[in-house]
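Subject: Structure handover

Hello,

Here is the structure to look at. My notes on it follow below.

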Amino acid sequence: MSGLRGQPHAADERHDAVHIAWQCAQRVRAAYAHPDPAAGRQLAEQVVDGFPSCPIPEIARLGRTLRQWKDAFLAYFDTDRASNGGTEAINGLIELHRRIARGFRNRENYRLRMLLVGGGLTLDPPQV
């Protein structure tokens with residue numbers, strides 16, 4: 001049976017690529033979610049070893065990146081699941097609002113805005 005405009009099974013091949021990419025994502029999730037850090041690390045090592053040879057270019061590129069950052073990627077499993085994700089998230093918010101606030105000339109206003117964005121600004125309710 002042919003696909004659209006006489007191309008045989010083109011839709012099936014695209015579906016296969018999406019399915020393989022989904023399976024790869026599940027392998028990464030399984031490594032992070034495994035209750036035993038040693039077993040999670042083993043799954044992560046399989047990801048690092050297998051993804052670079054995937055026929056899907058995006059997965060192969062991810063695999064090469066993970067292989068390049070292997071020590072940092074696997075350190076998550078050796079450090080009681082420590083991550084700098086929270087720090088990176090706050091830094092991203094600060095960078096975004098730094099660009100937005102490019103007209104601020106008052107250092108104190110800028111500092112207060114960064115505290116507000118980062119969730120570190122607490123104000124007492126007004127006294128009535």
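Buried here means under 20% relative accessible area, exposed over 50%, and partly exposed in between (1.4 Å probe, protein chains only). Helices (H or I, at least four residues) are DSSP runs, numbered from the N terminus.

This is a predicted model: local features need pLDDT of at least 70, side-chain atom pairs count only at pLDDT 80 or more, and totals for chains, interfaces and linings use all residues. Residues are numbered from 1 along each chain as its sequence is written, and side-chain values use heavy atoms, with hydrogens and water left out.

Helix H4 covers residues 70-78, and Phe-73, Leu-74, Tyr-76 and Phe-77 are buried in it. They lie on the same side of H4, because they cover an arc of only 125° around the axis (taken from the directions from the helix axis to the C-beta atoms). The face turned away from that buried side carries exposed Asp-71, Ala-72 and Asp-78. Just after H4, Asp-80 has a positive phi of about 55°.

The largest pocket has a volume of about 170 Å³. Its lining includes Tyr-32, Phe-73, Tyr-76 and Asn-84; lining residues have an atom within 4 Å of a point on a 1 Å grid, and a pocket is an open set of such points with protein on both sides within 12 Å along at least five of seven lines. H4 gives the most to this lining, with four residues.

There are zero disulfides in the structure, a disulfide being a pair of cysteine sulfur atoms within 2.5 Å. The sulfur of Cys-24 is 4.7 Å from its closest cysteine sulfur, in Cys-54, too far for a bond. Cys-24 is buried at 8% relative accessibility, and Cys-54 is buried at 13%.

Regards

Terms used
Helices (H or I, at least four residues) and strands (E, at least two) are DSSP runs, numbered from the N terminus. On a 1 Å grid over the protein atoms alone, a cavity is a set of points where a 1.4 Å probe fits but cannot get out, and a pocket is an open set with protein on both sides within 12 Å along at least five of seven lines; lining residues have an atom within 4 Å of a point. Grid points are joined across faces, edges and corners, and a volume is the space filled by probe spheres set on the points.
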